[in-house]
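Colleague: Before we discuss any particular feature, could you show me the model and explain how you would read its packing and its charged pairs?

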Amino acid sequence: MWQCPKCGREFEKVNQSHYCTDQPKTIDEYIAAQPEEIRPFLNQVRDTLRAVLPDAEEIISWRMPTYRKKRIIIHFAGFKNHIGIYPGDDAIAHFADKLTEYKTRKGTLQLPYDKPLPLDLIAEIAKWCYETRHR
């Protein structure tokens, strides 16, 4: 076990990447704190979400970049091997036929870095989430 000298949390891996005292307050800070090779993917997702959700507010929620307008619309985050998109269970179920080539979990879509990001699909999911949650 490794213990972070800043926050005291324990992790299985030595020097485990995590947020402790310096949590990002903006999406810009979040992206800047990610490894350099991941930032272009995060920026592509952000640009896509900004285009389809122009009236949404950009915030950090659950330590992830988040779009909301009165309610949470969608989250995204960068990980070692994939970008996580968090549209919720209802969206994953609704788009199940279009997500067959990707790993999904409860409310989550995992997009590996070794494939082009399906930006049109991300836009479609985000727009659907906005429309169904703001009727």
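Modeller: Contact here means heavy atoms within 4.5 Å, and please keep in mind that this is a predicted model. With that cut-off, and not counting residues up to four places away in sequence, Ile-85 touches Val-45, Ile-74, His-75, Phe-76, Gly-107, Thr-108, Leu-109, Leu-111 and Ile-122.

Colleague: Which residues have the most contacts inside the largest nonpolar core?

Modeller: They are Leu-49, Ile-74, Ile-83, Ile-85 and Ile-125, in a core of 34 residues. Among the elements that each supply at least two residues of this core are α2, β5, β6 and β8, while α4 gives the most, with six residues.

Colleague: How should I read a helix such as α4, and which of its residues are buried?

Modeller: An α-helix has 3.6 residues a turn, so residues three or four places apart point the same way. In α4 the buried residues include Leu-121, Ile-122, Ile-125, Ala-126 and Cys-129, and what covers the buried residues of this helix includes α2, β5, β6, α3 and β8. The length agrees as well, because 15 residues at 1.5 Å a residue should span 21 Å, and the end C-alpha atoms of α4 are 21 Å apart.

Colleague: What does Glu-124, in helix α4, pair with?

Modeller: Side chains of opposite charge can pair when their charged atoms come close. Glu-124 meets Lys-98 in a salt bridge, at 2.7 Å from N to O, and this pair links distant parts of the chain, 26 residues apart, with Lys-98 in the loop between α3 and β7. Glu-124 counts as partly exposed, at 33% relative accessibility.

Note on methods:
Residues are numbered from 1 along each chain as its sequence is written. This is a predicted model: local features need pLDDT of at least 70, side-chain atom pairs count only at pLDDT 80 or more; totals for chains, interfaces and linings use all residues. Side-chain values use heavy atoms; hydrogens and water are left out. Helices (H or I, at least four residues) and strands (E, at least two) are DSSP runs, numbered from the N terminus. The expected span of a helix is 1.5 Å times one less than its number of residues. Buried means under 20% relative accessible area, exposed over 50%, partly exposed in between (1.4 Å probe, protein chains only). A nonpolar core is a set of buried Ala, Val, Leu, Ile, Met, Phe, Trp, Tyr and Cys residues joined through side-chain atoms within 4.5 Å. A salt bridge is a side-chain nitrogen of Lys or Arg within 4 Å of a carboxyl oxygen of Asp or Glu.
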